[in-house]
Amino acid sequence: MSVLAVDLGTSGVRCAAYSNQGEHLYTASRKTDLKHHGKTYVDISPNSYQQAVIGCIKEVAAHAGNDEPQALSCAVQGEAALFTSDDFQPLTSIPVSMDRRGVDECDKFASRGLEEQFCRVTGQALHPMYTIFRVPKLREEIRYPTSVHNDQTLRFLTLDAWFLATLGVEPATDWTLASRTGLFNVEKHAWDEDLLALVGLGESQLPEVFAPGSEVGNIRGRFLQELGLKAPIKVIVGSHDQACAFWGLGGTLNGTVIYSMGSSDCITQGSPTRPQLQRDTGFASYPFQANGWLTLAGTAAGGWAGEWMANTLYSHDGNAMKHMIETCCSIPSEVLVLPYHCGTGTLDNNAQAQGIISGLTLTTTPSDLARAALEASGYEANRILETSKGSLPLVTQIRAAGGGASPLSAQLRAEALGRTLQLTEEKASLRGAAIQALVGLGEYASLIDRTIPHIQYVQYEPTEDTRQLYERKRRAYSLLASTSIAQAHIKNPERNHHERIP
């Protein structure tokens, strides 16, 4: 028996087949058509995105042989949603997490004194990346095709709900993804009427919300042919990709933390109850089971910042990131990179802050800059873990994976973080989606079931000879972060009244 795991990512999509023991069988991937419109809009085309996902599924199905998949589940980028017609034709593009459409609406919420209500109800910090703040701008951008009339009922669907709806499954999403819209009440496990009203949406326009691991329908008939499948397949509701990475790598509620290294780097910590977090931080929390919560914090441009540095230094090279890693300096320098290319991470929750390179001299080399760029995520992760002390279970292990998790980058992150990292080559979010599918089929009792097979890790530890140097650089990094936030406040005081100022 096998299952299909689909990763609805930002810069790419993937599909993989897994056995009922969680063993990886085959993977297919496609790049997405990510569009940058000036300095504000970043989105993907629904139709090309859909075709990319279908292409991945068909490729995997072609390698299945007689082992027909029994279930499908998705790991999904957060905050992505779009307006559609009542028959699920896309009427807008799909903004991604770094899109800036929501800045003005987020400011309006802050000026009306809605920050405390928003945080209490949704578990998320007030920040323009959340879906709720893009709704007004997206509504203005609706383009009706000739086959759709303006008086048709509009739907507003999360990315996963829309994709499955195009395959004949009634629109559905889960608690974790609903939480990332900023429209969901995390205590009641339901769409929040007050927040919906603030942006002119009704509950009937949104997908139904289920607990992670729930069965929500079947793919049948002509839709199977589109995907290259032969037999009906169960659909298990998708989850936020960071949540999938958490159970994909064996995260626990008592100290095993997951460090996802991708387009945006993220630290995910589990706890049995909703944590009481510091008021002035941007930590985001959501439930995934009756006695299980996940808390996330990261950097909006972690991986993207590294790619920016690679392309800036080695644009002439066919594979700039590979070249940057290969030429990275073997000795730490005084250079620090603050990867706030899309604002700070969720810890400081300041969308106006900007990246900084500090410590430049006339002897600074591209190799020094490369090393500093790879270290940056580790410094930010250290700030996150230090800030969460006392609010979340004591950290006992840090497991890492992701597209940015090469052996060298893992070692440099361990140095900057000052903690041991356990790195795996497993595709964390894909494996997590496979576990969801298996939970939906009854193979496991829960998403963090102890009987789920363990995976192999390679351990990376800070070097003793440079420990003091990195302790000093961690302190310098924190000061640099404060500087960036203060500068953002000076440049845009009217847009920082709801954000943390040092």
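## A salt bridge to start with

Asp7 and Arg14 pair up in a salt bridge, and their closest N and O atoms are 2.6 Å apart. The term salt bridge is used here for a side-chain nitrogen of Lys or Arg within 4 Å of a carboxyl oxygen of Asp or Glu. Asp7 is buried, with a relative accessible area of 7%, while Arg14 is partly exposed at 21%. Buried stands for under 20% relative accessible area, exposed for over 50%, and partly exposed for anything in between (1.4 Å probe, protein chains only).

A quick word on what you're looking at: this is a predicted model, where local features need pLDDT of at least 70 and side-chain atom pairs count only at pLDDT 80 or more, though totals for chains, interfaces and linings use all residues. Residues are numbered from 1 along each chain as its sequence is written, and side-chain values use heavy atoms, with hydrogens and water left out.

Search the whole structure and you get 23 salt bridges. Side chains of opposite charge can pair when their charged atoms come close. One of these bridges joins Arg383 to Asp348, with 2.8 Å between the closest N and O atoms. Arg383 sits in helix 12 and Asp348 in the loop between strand 20 (336–338) and strand 21 (356–358), so this pair ties together parts that are 35 residues apart in sequence. Helices (H or I, at least four residues) and strands (E, at least two) are DSSP runs, numbered from the N terminus. Arg383 counts as buried at 11% relative accessibility, and Asp348 is buried too, with a relative accessible area of 2%.

Another bridge brings Lys473 and Glu375 together at 3.4 Å, N to O. That pair links distant parts of the chain, with Lys473 in helix 15 (residues 467–491) and Glu375 in helix 12, 98 residues apart. Both Lys473 and Glu375 are buried. Elsewhere, salt bridges form a network of Asp43, Asp99, Arg101, Arg134 and Glu141.

## Helix 12 meets helix 13

Glu375 turns up again where helix 12 touches helix 13. Helix 12 (residues 366–388) packs against helix 13 (residues 407–417) at an angle of about 45°, and their axes are 7 Å apart. Those axes are lines fitted to C-alpha atoms, for helices over the stretch in contact, and angles run from 0 to 180 degrees between N-to-C directions. The two helices are therefore oblique to each other; angles under 35 degrees count as roughly parallel, over 145 as roughly antiparallel, 65 to 115 as roughly perpendicular, and the rest as oblique.

On the helix 12 side, the contact (heavy atoms within 4.5 Å) includes Arg371, Leu374 and Tyr379. On the helix 13 side, Leu408, Leu412 and Arg413 are among the residues taking part.

Setting aside neighbours within four places in sequence, Ile57 is in contact with Leu4, Val6, Cys15, Leu72, Phe163 and Leu227. The C-alpha atoms of Ile57 and Asp87 are separated by 23 Å, with the two residues 30 apart along the chain.

## Helix 2 and its cover

Helix 2 (residues 103–111) has several buried residues, namely Val103, Glu105, Cys106, Asp107, Phe109 and Ala110. Their cover includes helix 3 (115–122), helix 4 (135–140) and helix 7 (193–198). After helix 2 comes Gly113, whose phi is positive, near 70°.
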